Amino acid sequence: MRPLPPHALADSVYEAVKARIMDHEIAPGARVGIEALARDLAVSPTPVREALARLEADGLVVKRPQAGYRATALLGPDGLRELFEMRDLLECRAAALAARHADAHERTLLAGLAARMAERPESGDRYAEYREFAALDQRFHDTLASASRRPLLAEAVARLHTHLHIFRLSGIPGARRPTLAEHDRLVRAILRRDPDGAAEAMSAHLARSLERQLSRRDPAD
């Protein structure tokens with residue numbers, strides 16, 4: 001068997017470590033041992049270090065001086081509220097601007113991403129089961145922000161890494177249908193080039209999404 005090229009190996013190790021964090025095989029707050037991961041994954045420490053640097057940028061691990069990496073803690077109710085407050089400030093404005101500025105390709109892409117999400121499971125016991133849904137959800141929101149034609153706004157939305165933090169929490173039964181319906185309403189407002197309707201649709205989507213997250217007995221469990 002031929003060895004993987006360096007970029008493919010780096011991506012493979014990144015996804016493997018990310019899955020362990022998302023599935024809590026590396027528990028929230030736990031130390032992440034580079035040498036132990038390298039042995040488990042049968043690779044050298046170098047791609048593990050590269051993966052952890054990427055995961056630090058994703059907000060899934062933190063690096064402490066003289067202490068190495070640790071998995072970040074899960075968001076509790078207050079953290080969720082603050083995250084969604086930031087999303088409301090950024091993404092409602094992005095939606096209104098996208099309704100004005102999105103070109104034909106971006107409008108088609110948004111509609112296509114929403115349709116593809118409807119074909120994927122949004123929850124499951126393992127990250128591998130819902131990874132595609134989460135990635136499409138992230139891409140949907142990032143594409144919408146990019147269509148705002150405000151690069152700094154789009155970067156701020158992307159840097160929240162909302163979906164990684166949300167999908168680390170346990171699944172919410174019945175969340176799939178309303179999520180897809182809310183995305184559909186948002187897409188229709190953008191296709192109509194209706195800035196007010198798009199901002200309103202995004203605000204409603206975020207408010208209902210937060211309600212679904214807070215409906216858990218304790219998001220940090």
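The paragraphs below treat a helix pair and then a cavity.

The model is predicted, so local features need pLDDT of at least 70 and side-chain atom pairs count only at pLDDT 80 or more, while totals for chains, interfaces and linings use all residues. Residues are numbered from 1 along each chain as its sequence is written, and side-chain values use heavy atoms, with hydrogens and water left out.

Two packed helices are described by the angle and the distance between their axes. The axes of helix α6 (residues 127-146) and helix α9 (residues 176-191) come within 13 Å and cross at roughly 25°. Helices here are DSSP runs (H or I, at least four residues) numbered from the N terminus, and axes are lines fitted to C-alpha atoms over the stretch in contact, with angles from 0 to 180 degrees between N-to-C directions. α6 and α9 are therefore roughly parallel to each other, a term for angles under 35 degrees.

On a 1 Å grid over the protein atoms alone, a cavity is a set of points where a 1.4 Å probe fits but cannot get out, and lining residues have an atom within 4 Å of a point. R87, E91, Q138, H141, D142, V157, T162 and H163 line the largest cavity. The largest share of this lining, three residues, comes from α6.

Methods. Helices (H or I, at least four residues) and strands (E, at least two) are DSSP runs, numbered from the N terminus. Angles under 35 degrees count as roughly parallel, over 145 as roughly antiparallel, 65 to 115 as roughly perpendicular and the rest as oblique. On a 1 Å grid over the protein atoms alone, a cavity is a set of points where a 1.4 Å probe fits but cannot get out, and a pocket is an open set with protein on both sides within 12 Å along at least five of seven lines; lining residues have an atom within 4 Å of a point.
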